2 protein chains.
Amino acid sequence: MKPVKVGICGLGTVGSGSFNILQENAEEIARRVGRSIVVEQVGARRDNDACDTTGVNVTRDIFDVVNNPEIDIVIELIGGTSVAKELVLKAIENGKHVVTANKALIAECGNELFAKAQEKGVMVAFEAAVAGGIPIIKSLREGLSANRVQSLAGIINGTGNFILSEMSEKKRNFDDVLAEAQALGYAEADPTFDVEGIDAAHKLTILASIAFGIPLQFEKTYTEGISQITSEDVAFADDLGYAIKHLGIAKRTDAGIELRVHPTLISYKQLLANVNGVMNAVMVQGDAVGPTLSYGAGAGALPTGSSVIADVIDVARAISSSHESRVPYLGFHADTLSDDAILPVEEVECGFFLNLTIKDRAGVLANITQILSTNDISIESIIQREREGSDSVPLVVMTHDVKEQNMNLAIAAIEALPDVVGKIQRIRVEHLA
Amino acid sequence: MKPVKVGICGLGTVGSGSFNILQENAEEIARRVGRSIVVEQVGARRDNDACDTTGVNVTRDIFDVVNNPEIDIVIELIGGTSVAKELVLKAIENGKHVVTANKALIAECGNELFAKAQEKGVMVAFEAAVAGGIPIIKSLREGLSANRVQSLAGIINGTGNFILSEMSEKKRNFDDVLAEAQALGYAEADPTFDVEGIDAAHKLTILASIAFGIPLQFEKTYTEGISQITSEDVAFADDLGYAIKHLGIAKRTDAGIELRVHPTLISYKQLLANVNGVMNAVMVQGDAVGPTLSYGAGAGALPTGSSVIADVIDVARAISSSHESRVPYLGFHADTLSDDAILPVEEVECGFFLNLTIKDRAGVLANITQILSTNDISIESIIQREREGSDSVPLVVMTHDVKEQNMNLAIAAIEALPDVVGKIQRIRVEHLA
């Protein structure tokens with residue numbers, strides 16, 4: 001089968017991330033789609049050092065891309081609502097499927113774009129427009145489709161969450177942290193879109209439409225920023241057991257639908273209150289599923305590219321297969337499943353927590369640490385406590401990562417020591433970094 | 001268009017939940033699919049009081065369902081791997097699409113079932129087989145499809161997580177909590193499948209195949225239960241800053257793929273360590289997206305039914321639409337978007353955190369609380385602190401839920417008091433329950 005051909009318009013952060021994912025994971029992606037996906041053309045005002053476009057047809061006129069008859073899917077990553085809208089409309093008119101990360105475009109012009117796309121029978125996919133790499137659009141439209149959604153609440157702007165997290169963790173002021181965020185590249189020179197909640201309102205508008213089945217109504221979304229939050233507010237909220245987060249909230253009530261973005265106190269008992277830094281998370285409450293949470297990186301070249309390319313794969317699968325085989329049973333086509341070896345557990349490396357009972361005598365600990373050392377096992381922490389009225393005491397050792405077979409040898413040797421009582425309790429430790 | 005017709009085999013917990021969701025959310029589901037979905041037949045050994053099957057063709061022979069020529073989609077919810085396998089094979093042979101929640105069947109017989117299904121060109125969907133209501137199969141197969149998955153780690157057995165959470169929070173013993181879990185219906189009379197990790201190993205087998213593109217290899221999954229974990233282990237782990245969780249872990253390494261279920265220490269800094277009770281969560285690490293987490297109910301009639309019916313909707317959408325319109329742009333078909341009113345923010349109810357500065361004089365607090373009371377605002381907590389060398393002190397008031405317009409009136413009145421200095425800082429509070 002000939003490759004699916006995509007054209008990328010815009011080679012900034014997300015454009016370069018998306019381009020690089022298509023190159024890096026080309027083989028894996030072909031196994032998922034049953035067909036290769038190639039970049040036929042890139043339209044960008046300038047090159048981007050972050051990606052190597054050697055051999056790719058690069059044009060300075062993005063409209064070349066939507067007019068290129070070879071191209072199946074146009075990826076719009078230029079942002080904004082003027083040229084981007086014209087570009088997407090032209091792509092639709094030309095019968096191209098469109099993938100975009102443009103939240104402003106979808107929130108403000110989506111109703112019109114979708115009507116045109118439906119007329120022309122093309123797909124317009126926009127997973128990357130909300131919450132970066134988190135597949136929340138797919139979860140709402142498909143994964144949770146059995147539910148009547150009752151409410152959703154999300155941390156959907158990474159810049160704002162970084163600022164509030166720093167204010168809370170380090171007791172710093174808003175202006176101070178904003179300046180740092182700008183230096184780190186998390187915030188724009190003009191931070192209005194992020195800190196005043198406009199970006200979050202675009203995303204919330206999209207989420208609410210999909211959750212409740214209502215038209216996009218950006219202009220009716222209540223929006224309040226975080227620039228007036230003081231470090232004193234954060235400290236008092238903390239005293240009460242609450243974090244201050246910049247949330248987008250959409251809720252069904254008997255009176256109507258609430259659509260609002262504002263700083264919000266939420267209890268630390270909520271997972272959402274523990275989402276810090278530039279990470280995003282969206283909580284969805286459905287009538288069948290109850291509360292759910294999706295967490296991940298809300299921005300950045302590769303995380304946002306992850307969603308852009310997932311959409312490209314979605315479209316490519318649709319135009320390449322029958323309905324029945326659109327998504328292979330195991331996600332990869334059956335004839336491309338790999339025969340990678342499954343490791344026996346003895347070969348697995350992880351940390352270990354050892355809980356043992358020893359006689360409280362001189363030299364026991366030395367013997368134990370000697371055995372661990374002989375088996376190349378290094379210790380991360382030790383707890384030894386007295387036990388009143390007993391000459392046996394508990395000893396807990398936590399080790400760094402080590403192959404399980406080394407640990408088995410060490411445990412056998414330690415259990416054979418005369419001053420070690422009974423069996424050693426051994427529990428593995430994972431760092432999940 | 002005529003309705004999509006489903007047949008449900010098995011009317012236990014998940015069967016009744018799935019049946020009820022199809023009834024309760026029929027209108028919303030039809031708006032998503034563009035067509036109604038109706039239960040054509042139910043096959044069950046006995047009725048279930050939890051659902052009203054009046055008017056539905058109920059048979060005691062589940063094979064009637066797979067042989068019913070009217071039925072498009074067979075939902076297999078009888079569990080086990082003997083009759084269930086025979087039933088699913090027969091359904092496939094008869095050209096029916098299959099939706100199942102049966103993790104043992106997929107993990108142990110999936111390779112064979114998928115080969116047959118591919119031959120016959122039918123879909124076999126199994127979102128409900130892993131992590132109940134969390135759409136993790138869809139996330140891995142589609143939402144994160146741009147990624148080379150590096151690892152995943154999940155709390156994928158609610159019973160085990162309930163037991164470990166109780167042991168940790170209330171310093172109780174394993175046997176004691178297990179007995180309670182059995183009384184609450186969270187654990188079976190024979191708890192082996194859950195507490196010895198077999199159920200989790202089934203689920204991990206499925207997740208790993210989808211993550212890495214390898215055949216299902218249940219027999220190679222290392223499995224260790226939690227029945228040997230003591231309350232002392234839990235307490236020592238806690239001292240070190242770690243929770244003990246029963247994790248399923250799949251990881252790519254240079255040497256091969258790790259597939260293992262065992263009790264595991266993870267740092268409290270990880271969101272996963274803070275997933276408690278019967279809730280499930282799966283962390284996926286992709287090369288593009290980085291770390292992600294999906295959280296939700298791992299079991300129960302409605303949460304598992306949520307995934308069963310999402311799969312039914314997936315199949316129904318596929319057999320009802322062209323590729324381009326399989327999933328509507330906003331999840332609901334354009335001509336069914338609703339015109340629900342968006343509430344003005346003044347009509348929204350939530351709690352408020354007020355941070356104000358008052359003169360440290362008698363009667364100020366009485367005046368403020370009087371104004372709040374007059375506006376039907378009740379107080380949840382108050383913090384008032386001395387400020388050295390100043391006659392102005394900060395006062396923080398947190399209120400219960402109230403309509404924003406009442407709060408606006410109260411704030412205006414409080415700001416007009418002579419002993420209140422400057423503007424009141426007002427931040428909303430959400431309980432997200």
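This is a predicted model: local features need pLDDT of at least 70, side-chain atom pairs count only at pLDDT 80 or more; totals for chains, interfaces and linings use all residues.

1. The domain assignment places domain 1 at 4-132 + 302-336, domain 2 at 141-297 and domain 3 at 345-429 of chain A. The C-alpha centres of domain 1 and domain 2 of chain A are 27 Å apart.

2. Domain 1 and domain 2 of chain A together bury about 1200 Å², with 68% of that area on carbon and sulfur atoms. On the domain 1 side, Ala107(A), Val130(A) and Ala131(A) lose the most area to domain 2, together 39% of what that side buries. The rule finds 1 salt bridge across this interface.

3. Lys103(A) and Asp199(A) form a side-chain salt bridge, at 3.9 Å from N to O. For a pair such as this the cut-off is 4 Å.

4. The second largest pocket has a volume of about 1100 Å³. It is lined by 35 residues, and Val14(A), Lys103(A), Glu188(A), Asp199(A) and Ala299(A) are the closest to its centre. Two or more lining residues come from each of α1 (13-24), α5 (103-120), α7 (158-170), α9 (192-195), α10 (198-212) and α12 (301-320) of chain A. By class, the lining holds 14 nonpolar, 15 polar and 6 charged residues. Because domain 1 and domain 2 of chain A both contribute to the lining, this pocket lies between them.

5. The largest pocket, with a volume of about 1500 Å³, has 48 lining residues, and Thr13(B), Val14(B), Gly79(B), Lys103(B) and Glu188(B) lie nearest its centre. Here the elements giving two or more residues are α1 (13-24), α5 (103-120), α7 (158-170), α9 (192-195) and α10 (198-212) of chain B. The lining divides into 19 nonpolar, 18 polar and 11 charged residues.

6. Between the chains, 138 residues of chain A are in contact with 139 residues of chain B. The two chains bury about 11300 Å² between them, and 58% of it is on carbon and sulfur atoms. The rule finds 18 salt bridges across this interface. Arg326(A) and Glu142(B) meet through their side chains in a salt bridge, with 3.6 Å from N to O.

Notes: Residues are numbered from 1 along each chain as its sequence is written. Chains are lettered from A and ligands numbered from 1 in the order in which they are written. Side-chain values use heavy atoms; hydrogens and water are left out. On a 1 Å grid over the protein atoms alone, a cavity is a set of points where a 1.4 Å probe fits but cannot get out, and a pocket is an open set with protein on both sides within 12 Å along at least five of seven lines; lining residues have an atom within 4 Å of a point. Grid points are joined across faces, edges and corners, and a volume is the space filled by probe spheres set on the points. Helices (H or I, at least four residues) and strands (E, at least two) are DSSP runs, numbered from the N terminus. Ala, Val, Leu, Ile, Met, Phe, Trp, Tyr, Cys and Pro count as nonpolar, Asp, Glu, Lys and Arg as charged, and the others, Gly among them, as polar. Domain bounds come from an automatic or database domain assignment. Contact means heavy atoms within 4.5 Å. Buried area is the accessible area (1.4 Å probe) that two parts lose on being put together, summed over both.
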